[in-house]
Amino acid sequence: MPGHLPVLWPDDVSGNGFIYGWTSPLFSVAGILHVKSLDEAEAALQQAKASQDWSPLIELCGAFPAVVGRIGRGDGSTPEVSPDNLHLFNSNAQYLLIRYAKPRLPYLEMYTLDAVLSAGLYPAHPQATISNNANICLHDFTKPSNQRFKVLDWRVIGQMNFGQCVTSKLMELHNEISACSSNHVRSITMPLDDSELSAPFNAGISSMSKLALQVTTRFRQLCYLYSHFPPPSFSRNSMSPKAISNYVRFYNCIWLILNDTIIGFALGTYICDNVGSLSYILNQWIQELMIEDVQGSLLWLNSWPAGLKLNTELSGLYCYSLLSVIMMWNKALTHFVLPHVDKVIFISGTIGCCGVTMTTALLNDLLSLITAHLYLCYSLSHVVFGKQLDAVGALWKLFRGKRRNVLRRRTDSWVFDVDQLLFGTILFTLLAFISPTTTAYYMLFAATRLCTVLVYDVLDVVLTLISHFPLFALMLHLKDPFRLPEGMVLQIDNIAKSYWIQSRTIPMSSIFGHYFSSLSSSNC
């Protein structure tokens, strides 16, 4: 309200006595000293100021607290917290009490003007716009409505977050309950520096093998856990948005590794107990689906399928050339891979103790190995089909009197001779007659490549979800949203005439946005 002095008041502070807190940049109340005189209140603060534990709190709050006013009446009764019962020193303005709930520091709850998960873990999320309601209005508390209403800065945020530590220190000096001891503060500290450790595999090997990539990912996760283990120290960064982001990353990484290991151990045990049956099924699947069915499809195309008359000579060349590739790969599989399938399956079950992602990555590499002949056939047919399309495009420019200017990188008009046009017509006729044959064989192996890539995508999605799913952040969002703040809003209840500062929780889109972008940018 214009003309009123805003006073930040914790919701659990009440009683009769002298108020202590801060006056800059806003009036922020930390607590009440239940003493009879102003001299006793100032003496209590001076006694607390002599303690060595105050230096980090002063750094967090911006200044040492002082006695700023008094609440209550002279009869000693407990007054209601209202502007009528409040008297601030050195101020004659009308007061506007703005209440807020104290954050629970043991659970890393805090107020912040920024999105917590945008500090190093997720992309920055723009602050949402605030809409008005008939009874409750949300006002952006970070922007002043008049010149007397100062902007919130890190000092006010620190006073709101650590005001209870000031109260606890004063209570500790008077042999009362300590709610914010030194051991408690140490439990919420997170280091912010990463250790530089080399990965076990370079980028080239990791791009060729999913197993090597998963080993590198697990190695980096373990290095992150080692380098971000919470040390027993206290600093101003211990309650920063970046620190809480590291806290979420740290325990999310632990949860993912434990879940991965538990599921992998169960799956690995099942695989090791059924090596014989699984190896028999895999051998049959390789022989039938990867060899015999592909050979049958090639022979079917070579026999004029569904009345489609292909070019006999070109179809025979395609068919027997690709059949020779498949037969050579079949001999290689028969002599070098299939006799050791049971050992590969046993190894995949054994490495399951390191996580189900290891077994999935090994399965991905095994699938790449046994489908190498399909990829080779697809590459050959793709090259021929692509060159044919390039030739058709060049002939289209020829018939329109155009040609490609390589030096200027543009298409210019040109007058061709009769011989050139005749030669182009002959080439176009030839391409038109052989295009059904090349298209048929290209579509066959394009379909097989599409099915293979879909399987790769499914396995990659499984690897990404198990290795990087925001499980801990999602649990915090459902259990205690206050631990994932994205800013603050001032809630105004026009009916009760009350003002409350509330923390705004980060939306689900910010939690999952990073992982959706990782899935879309991953190379399958």
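Visitor: Where is R409 found?
Guide: This is a predicted model, and in it R409 is in the loop between strand 8 (402-405) and strand 9 (410-413).

Visitor: Is R409 buried or exposed?
Guide: R409 is exposed, because its relative accessible area is 69% and the cut-off for exposed is over 50%.

Visitor: And what's the phi of R409 near?
Guide: Phi of R409 is near 55 degrees, which is a positive value in a residue other than glycine.

Visitor: OK, another arginine. Where does R483 lie?
Guide: You'll find R483 in the loop between helix 14 (471-479) and strand 10 (485-493).

Visitor: Buried or exposed, that R483?
Guide: R483 is buried, because its relative accessible area is 8% and buried means under 20%.

Visitor: Which residues is R483 in contact with, leaving aside its neighbours within four places in sequence?
Guide: R483 touches Y107, L108, E109, I244, Y247 and L476. Take L108: R483 and L108 are 375 residues apart along the chain, yet 6.1 Å separates their C-alpha atoms.

Visitor: Switching to helices. At what angle do the axes of helix 12 and helix 13 cross?
Guide: The axes of helix 12 (residues 372-399) and helix 13 (residues 418-468) cross at roughly 150 degrees and come within 8 Å. So helix 12 is roughly antiparallel to helix 13, since angles over 145 degrees count that way.

Visitor: Is that crossing of helix 12 and helix 13 left-handed or right-handed?
Guide: Helix 12 and helix 13 make a left-handed crossing.

Visitor: How do the residues of the contact of helix 12 with helix 13 divide?
Guide: In the contact of helix 12 with helix 13, 20 residues are nonpolar, 9 are polar and 1 is charged.

Notes
Residues numbered from 1 in each chain as written. Predicted model: local features only at pLDDT ≥ 70, side-chain atom pairs only at ≥ 80, totals over all residues. Heavy atoms only, no water. Helix = DSSP H or I, 4+ residues; strand = E, 2+ residues; numbered from the N terminus. Buried < 20%, exposed > 50% of the residue type's maximum accessible area, 1.4 Å probe, protein only. Contact = heavy atoms within 4.5 Å. Axes fitted to C-alpha atoms, helices over the stretch in contact; angles between N-to-C directions. Parallel < 35°, antiparallel > 145°, perpendicular 65-115°, else oblique. Left-handed = near helix turned anticlockwise from the far one by under 90°. Nonpolar A, V, L, I, M, F, W, Y, C, P; charged D, E, K, R; others polar.
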